[in-house]
Amino acid sequence: MGLIENIKEYQHNFAGNSNREKAYLSFLNKGFPTTKNEEWKFSSLKKIISHDFTIEEKGLKLSKEEIDHYSLNFKHQILFINGTLTSKPNINGVRINKYVDDSPIFNSAFSALNAACSNIGYEINVDPNTIIEEPIEILFLTKNSSNNFIQYRNKIVIGENAQIKIVEGIKNLSDKYCFTNMHTNIKLDKSSNIEFNKLQNNTDSQITIDETNLTQEKNSNSTVNTLLFGGMFTRNNLNFAQNGERCESNMNGVVILDENEFGDNHTYMDHKNANCESNELYKGIYLGKSKGVFNGKIMVQPDAQKINAFQANNNLLISDNASINSKPQLEIYADDVKCSHGCTIGQLDENALFYMNTRGIRKEDARAILTFAFASEALEKISINKIQDLAKKLIAEKLKVDLSF
Amino acid sequence: MLDKKNNMLKIDNLKAGIEGLEILKGINLSVKKGEVHAIMGPNGSGKSTLSSVIAGNDNYEVNSGSITFEDEDLLDLDPDQRAHRGVFLSFQYPVEIPGISVSNFIKAAITEKRKVLGLEPITAKDLLGKMKEKMDLLDMQKGYLSRNMNEGFSGGEKKRNEIFQMAMLEPKLAILDETDSGLDIDALRVVANGVNKLKNSENATIVITHYQRLLDYIIPDYVHVLHNGRIVKSGGKELAHELEKKGYDWITKEADKKWG
């Protein structure tokens, strides 16, 4: 069959719900994107969607050890196991619930599909003036007996002057494919602040399509750190809209992929208002036969005067068989703005490697140290030490060296 | 017999080049521990090729001959293994390495060397103590350690950083490739003073230089003149003074007559 037929068979599950049916028709009309679609030019789903998937498989039981193994052990934890919300923290000023989106908004095939058939998700409401220092860890664990297609739809609303930090992780514990279509909307009220860390150290049986939309009211500050360290296929769509003045939006990404892994980061920064700022820094490291895509679009609307937008995408191709397609896109309709962007693709500096070598540092370690140094600029932006340390450990693992950076 | 035992470095009829071009055309050189050798010569004579080949730069091909270091064939070893045996090259053009601080770089180098030699890892406290001591020796500011390796360093700072690494790694054989270039007279004095203080009866130094200036501060036991890929004259420290007065021509002309 294939995924599209699997979805058609699933349709009766939401028949009668007009919002969902509308979304479903929109999805059918669009179909899964192909490489003819400019936004998917280098990201082929063809092979993936030719497989059979069970939609929201019930899944296999996870042992406590398995859960503990993948937990990052933060004090506050929202845990989904096989699509069921199994635990959530009690935090003063924060309300966490299961979420069903009654009036979904969608603009792409995947967001329409998500709007049509997602039944799983969380909603976090942070009361105004609530400052939560300790990060909230959100973990999605699945263990399935067949290929599983699972969709989450989440919402975070941060009240005026409130602040939170999130760490999000997806883990597929089986060697069957898990195809996750994740959709998260984040609303930041005036002067609020979020740091959202996406930890994507996925296995080669995990397929992820992620859409994260942030809308910001004036004086708000958002940071999304994406650590894409593995996974068969990962497509991140990260969208920011600044609805008020003096907003700040930050995106930091570190991508390190090996073997046949594929990772695609599409970002969209919508500067709609004056006196705002955006900073975007993505570092990509590609080993083996891995492939990367970066597409960073910055839109500066006519009212967005005196904004400052910075974008950089730097890539290292460690292997001759790895590749990266990088595309910065700037559309500027205001005349008094500061925009800069830069994209580089290169190899490790042979002179630097020899230099380190003559100081007694082995070639493998010299490569790893230089590679880590390359990524460190983006890693340093993460405020949670535990995540920084974990990222360092995972990078060393990925580079197959026994080093502490 | 005794002579062989004391030879730290022995280069025998070394021929080497780059991209098919032969630059070293038969180098012979013996260095014993405790000695300081100066290798002088005009530009293009092969001085930097010689230091690169000793350090193990694989851009250069060795066509024939041998380099023996403490009775071991050096040419069989990778650059890092040569470093672990105690060979150190102070680069003419030290490489900038963004993203790695001087202290982390040195920590990585020392950690690896100790691991290979089967020694206990150095404690953070001991390492810092040693760094401070060596920085004082070279009159370096404290801020050095947290700066990225050679990034944005002035010429003088880079050279000082080379000698700092040498002081930290305590090599048996140090090769200083044009360490004086880019140094003003004060920096030259500090760097030379550092090198002299690190000198002892167990280690050896090869100073590669175009000018005699550095040899006023680092007094060599032997001076060799390299010309067109060969050592064409060797002598004591007075040879350097003679070169300073008379230039290289009188030696190179004679050599050209001999080798053409």
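## Briefing on a predicted two-chain model

The model is a predicted one, and the corresponding share in chain B is 71% of the contacts with a separation of 6 or more. The two chains touch, with 16 residues of chain A in contact with 19 residues of chain B.

**Overall build of the chains**

- Chain A contains 8 helices and 20 strands, and its C-alpha atoms fill a box of roughly 70 × 50 × 45 Å when taken along the principal axes.
- The radius of gyration of chain A is 21 Å, which agrees with the value near 22 Å that a compact globule of 405 residues would have; buried residues make up 49% of those 405 residues.
- Chain B contains 9 helices and 12 strands; its radius of gyration of 18 Å is close to the 18 Å that the globule rule gives for 260 residues, so chain B is as compact as a globular protein of that length.
- The C-alpha trace of chain B spans about 60 × 40 × 40 Å along its principal axes, and 41% of the 260 residues in chain B are buried.

**Where chain A meets chain B**

- With 16 residues of chain A in contact with 19 residues of chain B, helix H6 (350-358) and helix H7 (363-379) of chain A each supply at least two residues of the side of chain A that touches chain B.
- Sorted by class, that side of chain A has 7 nonpolar, 5 polar and 4 charged residues.

**A covered strand in chain A**

- Strand E6 (residues 136-142) of chain A is mostly covered, with 7 of its 7 residues buried.
- In a regular strand the side chains alternate between the two faces of the sheet.
- Both faces of E6(A) are covered, with Ile136(A), Ile138(A), Phe140(A) and Thr142(A) buried on one side, and Glu137(A), Leu139(A) and Leu141(A) buried on the other.
- Strand E2 (residues 76-81) of chain A runs parallel to E6(A) and is joined to it by 6 bridges; within this pairing, Leu141(A) in E6(A) is the bridge partner of Ile81(A).
- Strand E8 (residues 163-172) of chain A also runs parallel to E6(A), and 7 bridges join the two, with Gly169(A) in E8(A) as the bridge partner of Leu139(A).

**An open sheet in chain B**

- Four strands of chain B form an open sheet in the order E2-E1-E4-E5, with antiparallel pairing.
- Strand E2 (21-32) and strand E5 (72-73) of chain B stand at the edges and have a single partner strand each, so one side of each is left without a neighbour in the sheet.
- Strand E1 (residues 7-18) and strand E4 (residues 61-69) of chain B run antiparallel and are joined by 7 bridges, and Ile11(B) stands opposite Ile67(B) in E4(B).
- Helix H2 (residues 47-55) of chain B packs on the sheet, where it touches E1, E2 and E4 of chain B, and the direction of this helix makes about 70° with that of E2(B).

**A helix pair in chain B**

- The axes of helix H6 (residues 155-169) and helix H7 (residues 185-198) of chain B come within 10 Å and cross at roughly 10°, which means that H6(B) is roughly parallel to H7(B).
- On the H6(B) side the contact involves Gly156(B), Lys159(B), Arg160(B), Ile163(B), Met166(B) and Ala167(B), which meet Ala187(B), Val191(B), Gly194(B), Val195(B) and Leu198(B) in H7(B).
- By class, this contact of H6(B) with H7(B) has 7 nonpolar, 2 polar and 2 charged residues.

Notes. Residues are numbered from 1 along each chain as its sequence is written. Chains are lettered from A and ligands numbered from 1 in the order in which they are written. This is a predicted model: local features need pLDDT of at least 70, side-chain atom pairs count only at pLDDT 80 or more; totals for chains, interfaces and linings use all residues. Axes are lines fitted to C-alpha atoms, for helices over the stretch in contact, and angles run from 0 to 180 degrees between N-to-C directions. Angles under 35 degrees count as roughly parallel, over 145 as roughly antiparallel, 65 to 115 as roughly perpendicular and the rest as oblique. Two residues are in contact if their C-beta atoms, placed from the backbone, lie within 7 Å. Ala, Val, Leu, Ile, Met, Phe, Trp, Tyr, Cys and Pro count as nonpolar, Asp, Glu, Lys and Arg as charged, and the others, Gly among them, as polar. Two strands pair if DSSP finds at least two bridges between them. A residue is buried if 20 or more other C-beta atoms lie within 10 Å of its own, exposed if 12 or fewer, and partly exposed in between; C-beta atoms are placed from the backbone. The radius of gyration is taken over C-alpha atoms; the globule rule is 2.2 Å times the number of residues to the power 0.38.
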